[in-house]
Amino acid sequence: DLELHTQLKELIPEKHGRLNKLKSKHGKVELGNITVEMVVGGMSGLTGLLCETSLIDPEEGILFRGLSISECQKLLPAAKPDGEPLPEGLLWLLLTEKVPSNEQVDSLSKELRRRATIPDHVYQTINALPVNAHPMTQFATGVMALQVQSEFQKVYEKGIHKSKYWEHTYEDSLNLIAQIPVVAAYIYRRIYKNGHVIPMDDSLDYAGNFAHMLGFDNPEMLEFMRLYVTIHSDHEGGNVSAHTGHIVASALSDPYLSFAAALNGLAGPLHGMVNQEVLVWIKSVVDECGEDVSKENLEDFVWKTLNGGKIVPGFGHEVLRKTDPRYTCLREFALKHLPDDPLFKLVSDLYEVVPPILLELGKIKNPWPDIDAHSGVLLNHYGLTEAQYYPVIFGVSRAIGICSQIVWDRALGLPLERPRSVTIEWLENYCKKP
Ligand code: MLT
């Protein structure tokens, strides 16, 4: 038995006790008022979900089980001295609340490699799609084809006690996390490299292997992929993909069904597709103004984008009120490894130019950049230039957070998520009341 499973099993009764105490002692405590604005405004500002894996502080950004990104960089095991954190370590942290040792992370890397076999019908299903189908469509289709293997579904059909749900959810989750980089790499090679597939390297870790299977063996790219997957893994429970995964799983849909649904949310231009949009937009700046664009010309281009009724992609995160620490950590990586990359310089200039313009517009609560404003130029630097594929890499990373959350949802016995909805007329009548 993997120690990960043992640690998780030990933590569940404690958390269960705390949740039950919260329900019985403080169940009626109010967490703020729900306003009409929130109901018609995408529930923005509404605290309405339980998610154990991570928490966003609007000023500080994401905390993974209480640890900031720089703490994760310091504390989580790496592939080499002073290297970037291994996503396996983050998965361990999200599931168990504990920072794993090098040996524990090693054992998890091995376990994920062991679980990474893909049944042939998955490739056949993907191959049934036109090669020019969006990579996210191919990815979600691949995950649905993997669902045939769901342990949870099989044992549920036989009838199991609900206290055992989390065990099978955990099995499915580890399998899914192990399998998806292989499927994602297959899709990349199918679309962009004439179907020349690169097999997994048994000596490599999770993210290193993903880069390798995509066709990138530069050690710096491997390090970047470890960092990328780690920091994209989770962003509390309210973002579209995590929320979708959680609500679908609340119907006791297995992790494959839930994650495929989450991916379809991640495929949207306001969520995981932003990173694609950012690189396309940055390349349109270069096409029009050249790589050496002056700050004045850059300002004009930003105004032109805004006056054309479009947004500057990658700026103005809904929840954050400062620069996303995930952006800052990518910026530090770029300053260390590719300070002279022309597109990185452009991204740096945008960091100076865009926020004052957005503030001048006056409508925005947060003018600062988030992770998506930066990730693409780094992938592009290492030769992964196909922006349409970027949301897939985000998706592989996000499985770690979403699946960890779903394991905990079942471990805590969280109920079906079923809020009430109302009509405009209902709201009008409600507001007329004295
Ligand atoms: C994310 O990582 O999910 C994005 O920053 C979007 C969000 O948090 O809503």
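Me: What radius of gyration does the chain of 434 residues have?
Reply: You are looking at a predicted model, where local features need pLDDT of at least 70 and side-chain atom pairs count only at pLDDT 80 or more, while totals for chains, interfaces and linings use all residues. Residues are numbered from 1 along each chain as its sequence is written. The radius of gyration is taken over C-alpha atoms, and the globule rule is 2.2 Å times the number of residues to the power 0.38. A compact globule of 434 residues would come out near 22 Å, and the chain agrees because its own value is 22 Å.

Me: How many helices and strands does the chain have?
Reply: Helices (H or I, at least four residues) and strands (E, at least two) are DSSP runs, numbered from the N terminus. Counted this way, the chain has two strands, and its number of helices is 20.

Me: What percentage of the residues of the chain count as buried?
Reply: A residue is buried if 20 or more other C-beta atoms, placed from the backbone, lie within 10 Å of its own, exposed if 12 or fewer, and partly exposed in between. Among the 434 residues of the chain, the buried share is 44%.

Me: Which residues touch the most other members of the largest nonpolar core?
Reply: A nonpolar core is a set of buried Ala, Val, Leu, Ile, Met, Phe, Trp, Tyr and Cys residues joined through C-beta atoms within 7 Å. In soluble globular proteins, nonpolar side chains tend to be buried together. The largest core here has 109 residues, and those touching the most other members are Ile177, Phe259 and Leu263.

Me: Which helix gives the largest share of this core?
Reply: The core draws at least three residues from each of domain 1 and domain 2. The largest share, 14 residues, comes from the helix spanning residues 165–192, which is α9.

Me: Which residues is Leu263 in contact with, leaving aside its neighbours within four places in sequence?
Reply: Two residues are in contact if their C-beta atoms, placed from the backbone, lie within 7 Å. For Leu263, with those sequence neighbours left aside, the partners are Met136, Phe139, Ala140, Val143 and Gly395.

Me: How far apart are the C-alpha centres of domain 1 and domain 2?
Reply: Domain bounds come from an automatic or database domain assignment. Domain 1 covers 1–17 + 44–273 + 386–417, and domain 2 covers 274–381. The distance between their C-alpha centres is 27 Å.

Me: Which residues are around the ligand?
Reply: A residue counts as near a molecule if its C-beta atom, placed from the backbone, lies within 6 Å of it. Ala, Val, Leu, Ile, Met, Phe, Trp, Tyr, Cys and Pro count as nonpolar, Asp, Glu, Lys and Arg as charged, and the others, Gly among them, as polar. By class, the shell has no nonpolar, three polar and two charged residues. Its members are His235, Asn239, His317, Glu318 and Asp370.

Me: What is phi of Asp82 near?
Reply: Most residues other than glycine have a negative phi. Asp82 lies in the loop between α3 (69–75) and α4 (87–96), and it counts as exposed because it has 7 C-beta neighbours inside 10 Å. Its phi is a positive value in a residue other than glycine, near 60 degrees.

Me: How far apart in space are Val278 and Gly314, C-alpha to C-alpha?
Reply: Val278 is part of helix α14 (residues 274–289), and it is buried because 27 other C-beta atoms lie within 10 Å. Not counting residues up to four places away in sequence, Val278 touches Pro313, Gly314, Asp372, Ala373 and Gly376. Val278 and Gly314 are 36 residues apart in sequence, and their C-alpha distance is 6.4 Å.
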